[in-house]
Amino acid sequence: MQFRDHLGAVLNSYSEVLFLKGPVLGAFILLVTATAPQVALAGLLAVLAAYAFARFIRMEPVFLESGFYTYNPLLVGLSLGYLFRLTPLTLFFVVTAGIAAFVLTHTLFSAVWYYLRLPVLSLPFVLVSSMAYLAAGTYTNLYVTSLYPRGFSFLETVVPLWLGGFFRSLGAIFFVPSVAAGALIAMALLVRSRISFLLAVGGYYAGVLALAALGGSHASAFQDMNAFNFILIAVALGGVFLVPSPRSYLLALIAVLTSTVLLSSSEVFWSRWGVPVFALPFNLVTLAFVYTLGLVEFPFMAKGTGTPEEILDEHLTGSLRYPGSERTLALPFSGQWTVWQGFDDRWTHQGPWRFAYDFVITDESGETHRGEGTVLEDYLAYRKPVLSPIRGRVERVVDGLPDNPIGSTDRANNWGNLVILKDERGFYVEISHFARGSIRPKEGTWVERGAMLGLCGNSGYSPQPHIHVQVQATDQVGAPTIPFSFVGYRAGEEFFANDTPDVGARVEPLPAEKGMENRMGFVLDEVYRYRIRGCDQERFPGAEEGIAAFTVRMAPDSTFFLDSGRARLYFGSQEGTFFFRRMEGRDPCLRALFLALPRMPLTYRRGLRWSDHVPSGAVTVGLRRGLVRLVRSVVPRFGTVTVQLGFENEETVTGRVVSGLLRGEWNTRVVLHPYRGFRSVQVGSLLMERIDENAA
């Protein structure tokens, strides 16, 4: 591991305190803490001690690079540097406390996340610093009864109290409660995340004004340094653990207001022991809100990481990219069938059974039968194979009911002959109306997706032969239904990776082809080199003519990504579709690849087309990107970026990127390599041509 990587991991500890990432921001905050040299030195020493200890016990570097495990030791060090004059004994105390905070962080994170699915926040810092302050009373060679001078700047006298209070509270997060330090941190926050900055401002003034109303003194409220808790609560709930939105902003405001009583009572209680409140109110309120919102399945719970703007962009794009459910099924047949009924439809799919699909076969004129359609054999779907839509275990089989003659139904046995399958993901699938005696698997046997289950019939409450599919939470026949979606199918000439087809659509499953899977099966540590031509500095600033290299890497969560050294482009194949899922960092060439092929079906059909969406940040840069994302937190549809794609031939995918944010359309073209990856990628005038053919 190089020195640059070690330095980046240490600096990330500073930016992580503000729920942001990046060594540049971390270095800036480190310089800000240097306005109080002893505080800065103690903080740096604590984080270095924790980092060195982590490396000593051989913790994987990939877990340390984000600063997640070392920002609590940093805060502990800053708190001790604020209290003690640095001496050799103090330095020893800081080192041991930093290591203790690291161990406690690792322990609490494992336990709290495993049992409650909650973040650890800065609880280790609060616990270790509180214990250190309490213990310091018995260390006569260590404790400083009169704190060393803090320094006093001219700004403290000229900045209005209402503004100075905000800046001092921001600085207090890093134990440098001065106007100058807080102003610098506010500036950095504004540059890095406009949403975080606005949440910090709104949270602070909402909390302080509530304190002033309760206590009767605005001066006292604005001088309370513990008001930094309001800032952290607002930022955490309004833009980190919840997706930025008007509802999230309102919840953040409510959380700040409810925390005022907790802050005041904590100050009264802890003052008896001479211990600061630290970030205890922030931790308790934030964890309580996150846990409660998780229990009620609040729809705006954030799933990604990054700045609030990035979290918002990923959430909005993800809702468009993956409109289907996590309960995914393959279509239970081969060839083309027609959707007869869908969710909440006009006949039987209502109430507790509204999440279900019916399929029939139709001819070119839309008829489901030949001739007069008076007998079962006239119907095109009758006795056609029914396939398993999942891999799972057969829980129930009913196979002895007769097929109804056309014109009659069996109201006593609504579901007719059926199979109920248990999916390993925790749900059940019921397929109904089989032909009598046609079901092949027995109860208790295992079936793979696509396995033959039986033949389409007309048993139960069925006016004509069709396949009925529903998903439910239990194995009871006809249990209430729950949402699901279908994967890897086409309707007409359009491919859908995960969606619910419209009534009347003629759909056909498109299973993955082995050859296409091999083409997109990137192998760990492979390196792909491209020659860059025709750079477009307006659309892709930073792109230069020359050589770009991408290495296939694996993240700790076992996801794969292309690594350029400056950015990561995550990818994967799922249920017949290849995805470039998301991008971290800034690299114009990886960004171009993301735009050119965000997804692709792993099967070829001439004329097949599909559409996808990418984050607005993929087509905007700089200040414009930040402003667009800020507006999207209030107007989600603003700045939607659509990518329309299709097969030109078996080797070539062409497309165009469409958005109101663009000046015109960006045309794209990807030529697949015969063995693995891409021969060339073009977006606008930016062209990448592969030069390392041996990489495959």
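**Helix packing and backbone angles**

Mentor: Happy to! This is a predicted model, where local features need pLDDT of at least 70, side-chain atom pairs count only at pLDDT 80 or more, and totals for chains, interfaces and linings use all residues. Residues are numbered from 1 along each chain as its sequence is written, and side-chain values use heavy atoms, with hydrogens and water left out.

Trainee: At what angle do α9 and α11 cross?

Mentor: Roughly 115°, and the axes of α9 (residues 161–172) and α11 (residues 194–215) come within 11 Å. Axes are lines fitted to C-alpha atoms over the stretch in contact, with angles from 0 to 180 degrees between N-to-C directions. Helices (H or I, at least four residues) and strands (E, at least two) are DSSP runs, numbered from the N terminus.

Trainee: Which residues of α9 and α11 make the contact?

Mentor: With contact meaning heavy atoms within 4.5 Å, α9 brings W162, L163, G165, F166 and S169, while α11 brings A200, V201, Y204 and Y205.

Trainee: New topic: what is the phi of F278?

Mentor: Near 55°, a positive value in a residue other than glycine. F278 sits in the loop between α14 (246–271) and α15 (280–295).

Trainee: Is F278 buried or exposed?

Mentor: F278 is buried, at 3% relative accessible area. Buried means under 20%, exposed over 50%, and partly exposed in between (1.4 Å probe, protein chains only).

Trainee: And where is S558?

Mentor: In the loop between β15 (546–554) and β16 (560–563). S558 has a positive phi of about 75° and is partly exposed, with a relative accessible area of 47%.
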